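Please look over the sequence and the model shown below, and keep both at hand while reading the report that follows.

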Amino acid sequence: MATAVSEAPVVTRPRPRTRVPLPPRLRAPGWYRAALFEVLGFGFAVGITALIRWLQHQHPVISGEAITVVSMFSVPIFFLIGLGAFDYWLYWAAGRPTRPEDHSSHGALTWRDYFRVNTDHKVIGIQYTVTSFFFLFVGGLLAMMIRVQLAKPGMQFLTPEQYNGVFSVHATLLIFLFVIPVFAGLANFVLPLMIGAPDMAFPRLNALSFWLLPLGGIIMLMSFLAPGGSFASGWTAYAPLSTTMPVGQMFFSIGVQFAGFSSIFTALNFLVTIITMRAPGMSFFRMPLLVWANFSTSLLVVIATPFIASSQVFVLFDRMLGMHFFDAFVGAGKNGNVLMYQHVFWFYSHPAVYIMMLPGFGIISEVIAVKARKPIFGYRMMAFSLLAIVVLGFTVWAHHMFVSGMQPWIRIPMMITTAIIAVPTGIKIFSWLATLWRGVLHLDTPMLFALGFLTMFTLGGISGVMLAMIPFDIHVSQTYFIVAHIHYVLFGGSLFTIFAGVYYWFPKMTGRMFDDRLGKLHFWLTFIFFNLTFGPMHLIGIQGMPRRVAEYADKFAAWNLFISISAFILGLSTLIFLYNIVSSWRGGPRAAANPWRALTLEWQVSSPPPIFNFDAVPTVVGGPYEYGVPGAVHGIFKSPTSDRPPVTAGTFGRPPSQEAHE
Amino acid sequence: MFRNRPIAQLVLIAVIGCAILIPLALLVPWFPTKASTQAGNLHTLYYVLLIASVPIFVLVETVVIYSVWRFRMRPGQERADGPPIHGNTRLEVVWTVVPALLLIGLISYSYTVLRANEKSHRDAITINVTARQFLFEFSYPRPGGKQAVSSVLYLPEGRPVVFKIRSLDVIHSFFVPEFSEKLDAVPGITTTLRVTPTRVGRYPVECTELCGPGHAFMRSTVYVLPSSRFDAWLAAQPANGKPPVGIPPSFARQPGVPG
């Protein structure tokens, strides 16, 4: 249990008598101090808004809306300070002696370690993943409410305002609080292990990244309590609807800042870690494709995310400070530009969909290579196509605006770039297919989700290419065809890869094996009812049913009922996953270090890994997918106490049914 | 004959798959009734897209299902690996170039459809569409600078129409599924949409941009009348509306906003 750190006695100065008249529990970083600081943060918000309004002669000086908005910044930030996320930096900035890092708080021994500021990437990875799945279930519950409302024509149990709020929060939670962070979480756990590093480059920043996330989610959820209801202008929050809504809209604008900073800090961390901390011998072209995928995603995140932050700052300024960025009716020469919101928003939000997909591509590469027992076909083109998607992803944003009324000529280059981006994506699909070809396929749960992904994402990609064609997009824009496309690529695409990754790395992360039969049941129910839910939406969309509507024309009634029933079963099927994960984590069979007989470095250490990952830094001597080459290894460990023989690729031998042809 | 030639088996299955799925896909009643020249062009484009898409899906699916059937791990292979095939340059070039060519073809065709659908006609009649929370208002320019205002849209069959679309508050969108044409109504600008109705009938007008709690209910109706009946209708309308402007008399902000 003791960590192998230097044995020299740590010199401690006698602790100076503190002048803070608080009991020790409130002086030490932790939840009690965080609660106290939250109160201080709220007081700060009241004080500063009152002061500024008094100086500006705005009466009443105490304004509920102003206090709400400022508290949404100050309370979470004070909470983080109280929790201890900024302790080291604040001490350092104040010139005080910083507490020496003895790594005793690194790692997790009890469940309590998961509820504090912990710098171990493995703990942070699990914190991220569990938090994200919590928001998956909340967002999924909101989806169930949507489908209840839409099961029959006419209004059901939600008012129109509430319904608009429900689908807005549904999308926002699933995008910013589930898909984006869960990939960050899985990569947080796996990536340093995969490159032979003891942790991420910036462990403290990593901890801060995590803690920003639940704060953003709580802000989003609290919008339901705001006067006027939750934010209800879609996750896209177009101005001027969003700038003229009740204060609940501000919960989106501000919550997104927290989620955005979480994302940006993590991406920075990944970039530095990947560039500087790879084990000796791991050149870029010996990195596993998961590392390539997260490298590419991190480039997207750091460049694009500031744009959504700024779009929401503009909305905040218009709504709270009376500015006119998006106000078309101020007066000649002073008008704002309504369409500018969409350009700024989509300049992030299109790369965002690649942020939500590229890590999934990395996961699929890992799973398919190991489960088909073959190298990834066309490794170099797989890496280059990731980079191509990063670059091209910034050139297509206005395909979300074909009917927006923007200058018509912009549509043409956007159609071209949107079609071009299908080429590197297609290369990846075909390469995965070629990897399956002549492999030895182990059809367990992770592999089933990977194969399901190939099918679903192809369909989503096909509907995407159709949408690139402007006349077709004009017809189906803002109809259920778009809803179908979105869910095929985000559910059939991203979520399937997330499930594949969670099942695949579950033994490594928890030291236990999941129940594969339950996993397969989860897969088949999900696959079947996903298609029954979202397949028909292509049809009713082309038929003309708009999206984001609380009720619809009678002719769509039958399909909507069918979709709703399928959706309820789809929702229930996630409970199988939840049961499997929880019960396996608590009492499943212990997992071996390398149950999948994989070559990548994370599988060469115990399950779960030692607290600092590697007893000695491994040396990488070959590619990560050298299956089929007898005796090939990816990395070697020169630890003299190791009694585990290196895992090599198995012999490649064909059963009689497959004869050599080449 | 096919037993030991997996590629040939694959191609056969894919061809059969396409032969079944393409007609099925084309038989699905995707679209509402075609009621404009634009819709006619778009429906054809969509069927071409379907015909191009089905083989791709069938190809991917065939490889997946075939691989699962043919290459799944059999007893005795638990510790076996597959052959260490890292790539095949010729194959990779083919599957880069062929999709690119296909996409170039589809883009070019779409471009011609777009040009045809948005062609301006000198004899087009102009109709103003004003959108606000939560209704559409249509106004027809009449001689003398006046407008005939209506909450229901009447159009002549067979004559090109130019819609000038405005919004008085937030972004709305003007969509008639049977026309396959749609354009947003954006406050502060006037957007232009061209449609040539070709079928007498009654069709829904829908708002397709989230505009507030009334968005789902923001609908109207368009009646396409035979040309002479449309002229008669228009002549009989009182022309007492003022020309539409995009700027309302007062633009009230939400309470609580400072300033």
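## A hairpin and its parallel neighbour in chain B

In chain B, β1(B) and β2(B) form a hairpin with two residues between them; strands, like helices, are DSSP runs numbered from the N terminus, with at least two residues (E) for a strand and at least four (H or I) for a helix. Strand β1 (residues 125-132) of chain B and strand β2 (residues 135-141) of chain B pair in the antiparallel sense over five bridges, where pairing requires that DSSP finds at least two bridges between two strands.

## Basis of the model

This is a predicted model, in which local features need pLDDT of at least 70 and side-chain atom pairs count only at pLDDT 80 or more, while totals for chains, interfaces and linings use all residues. Residues are numbered from 1 along each chain as its sequence is written, and chains are lettered from A and ligands numbered from 1 in the order in which they are written.

## The five-stranded sheet of chain B

Chain B also contains an open sheet of five strands, with mixed pairing and the order β4-β10-β9-β6-β7. Because β4 (153-156) and β7 (181-185) of chain B stand at the edges with a single partner strand each, one side of each is left without a neighbour in the sheet. From one strand to the next the twist averages 25°. Helix α4 (residues 227-236) of chain B packs on this sheet, touching β4 and β10 (219-225) of chain B, and its direction makes about 135° with that of β4(B); such angles run from 0 to 180 degrees between N-to-C directions, along axes that are lines fitted to C-alpha atoms, for helices over the stretch in contact.

Strand β6 (residues 172-176) of chain B runs antiparallel to β7(B), and five bridges join the two. His172(B) has Ala185(B) as its bridge partner in β7(B), and Val176(B) has Glu181(B). The hairpin of these two strands has four residues between them, and there Ser180(B) takes a positive phi near 55°. Five of the five residues of β7(B) are buried (20 or more other C-beta atoms within 10 Å of a residue's own, with C-beta atoms placed from the backbone), so this strand is largely enclosed by the rest of the structure.

## Helices and overall form of chain A

The secondary structure of chain A comes to 19 helices and two strands. Helix α15 (residues 445-468) of chain A and helix α18 (residues 516-543) of chain A pack at an angle of about 10°, with their axes 9 Å apart. That makes α15(A) roughly parallel to α18(A), a description used for angles under 35 degrees. Residues in this contact (C-beta atoms within 7 Å) include Leu448(A) and Phe449(A) of α15(A), and Phe523(A) and Phe527(A) of α18(A).

Chain A has a radius of gyration, taken over C-alpha atoms, of 26 Å, which agrees with the value near 26 Å for a compact globule of 662 residues; the globule rule is 2.2 Å times the number of residues to the power 0.38. Of the 662 residues of chain A, 57% count as buried.

Note on methods
Contact = placed C-beta atoms within 7 Å. Parallel < 35°, antiparallel > 145°, perpendicular 65-115°, else oblique. Buried ≥ 20, exposed ≤ 12 C-beta atoms within 10 Å, placed from the backbone.
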